[in-house]
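Thanks for coming. Please look at the screen.

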Amino acid sequence: MEINLISDTVTKPSHEMLQHMFRAQVGDDVYKQDPTVIELEETLAGLFGMEAALFFPSGTMANQTAIKLHTQPGDEMICDKWAHVYNYEGGGAAFNSGVSCRLIDGHRGMITANQIVEAINPPDFYHSPLTTLVTIENTTNKGGGACYDLPNLVEIKDVCTKNKLKFHLDGARIWNALVARKQHPKQFGQMFDTISVCLSKGLGAPVGSVLMGSHDDIKKALRIRKVFGGGMRQAGYLAAAGLYALQNNVGRLEEDHRRARQLGGFLQQLPWIEKVEPVETNILIFSLKPQYSETALIEKLKQKSIFISSLGKGKLRIVTHLDYKEVMHNYVLEAFQKMTF
Ligand SMILES: *Cc1c(COP(=O)(O)O)cnc(C)c1O
């Protein structure tokens, strides 16, 4: 038995999800003739109260399409220094859109309205890049699964409106935030120009992300997706997994959060742990006291078939998910308890 806590992307489709995929009605989605893809897009647009949606092979492509949609070459995007769009999308903002990033020194991956105000270049000052887009992440990935408070987002939205900036949400893990904070998707839908969501993280689908926005923006996004090579043919088999996940795997995220919380509380009491970051959702970040080595811990856990990852600079990460069951959880707690250096 292997216990993989490296990411919530490591889940494999369940038997029931696979059955659902097998039974999907499909067509050629490049001609917009796949009924299951259309059903998924309409379901998500409806859920978030947005006009339209488009299915993507990855969250990266959905975010990169949003950046391309909202900017012109030479423009600047504001985001947190830890943002996925800046750190983990291969420099795509520069490569695909010719856009520079103004990085904000946020708190756990979250930025404030005041920080954004200070980062906006004066639009008439033609020497500096034109600020046109703000991208935030909810929950934050590198920030340890932290969630924004809605009033803070409303403040950011106001700044965007006043300064004519587009507002994009990288909602790869929005599902975790919705469950943890008991929020409604429409509260997000009314605030953002575009939202990307992943079906392949906590929801357990093998592939798939969706970008939502206005009719006009999604029409433009269809062309950009084509240019990026993201048009897929009988993609309904994949969309069916997403529909199944939306039906069955959202509410249960609470279990992942509980296990991450329990692990956090448990680790806090161990003598060789320096610090455990607050656990809000399914991501747990912790550090070891200076005399203990991360690589040694990762190696010792590996010998017990438990896999966790290093974030560098002394930080370690555990991510709970659908395939991390209660028996495994008990085994992991015991393994940490018995750990000696
Ligand atoms: C995983 C993730 C994405 C998208 O990643 P893909 O692997 O391309 O699907 C985007 N943003 C955040 C915050 C993520 O965690």
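Helices here are DSSP runs of H or I with at least four residues, strands are runs of E with at least two, and both are numbered from the N terminus. The expected span of a helix is 1.5 Å times one less than its number of residues. This is a predicted model: local features need pLDDT of at least 70, side-chain atom pairs count only at pLDDT 80 or more, and totals for chains, interfaces and linings use all residues. Residues are numbered from 1 along each chain as its sequence is written, and side-chain values use heavy atoms, without hydrogens and water.

Start with H10, residues 215–227. Its 13 residues reach 19 Å from first C-alpha to last, close to the expected 18 Å.

Which residues of H10 are buried? Asp217, Ile218, Ala221, Ile224 and Arg225. Buried means under 20% relative accessible area, exposed over 50%, with a 1.4 Å probe and protein chains only. The face turned away carries exposed residues, including His215, Lys219 and Arg223.

What does the buried side pack against? Strands S2, S7 and S8, and helix H3. Contact means heavy atoms within 4.5 Å.

Now the ligand. H3 gives the most to its shell, with three residues. A side-chain N or O atom of Asp170 is 2.6 Å from a ligand nitrogen. For Asn141, a polar side-chain atom lies 3.0 Å from a ligand oxygen.

Technical notes:
Polar contact = N/O pair within 3.5 Å; in protein donor to acceptor, adjacent residues only side chain to side chain.
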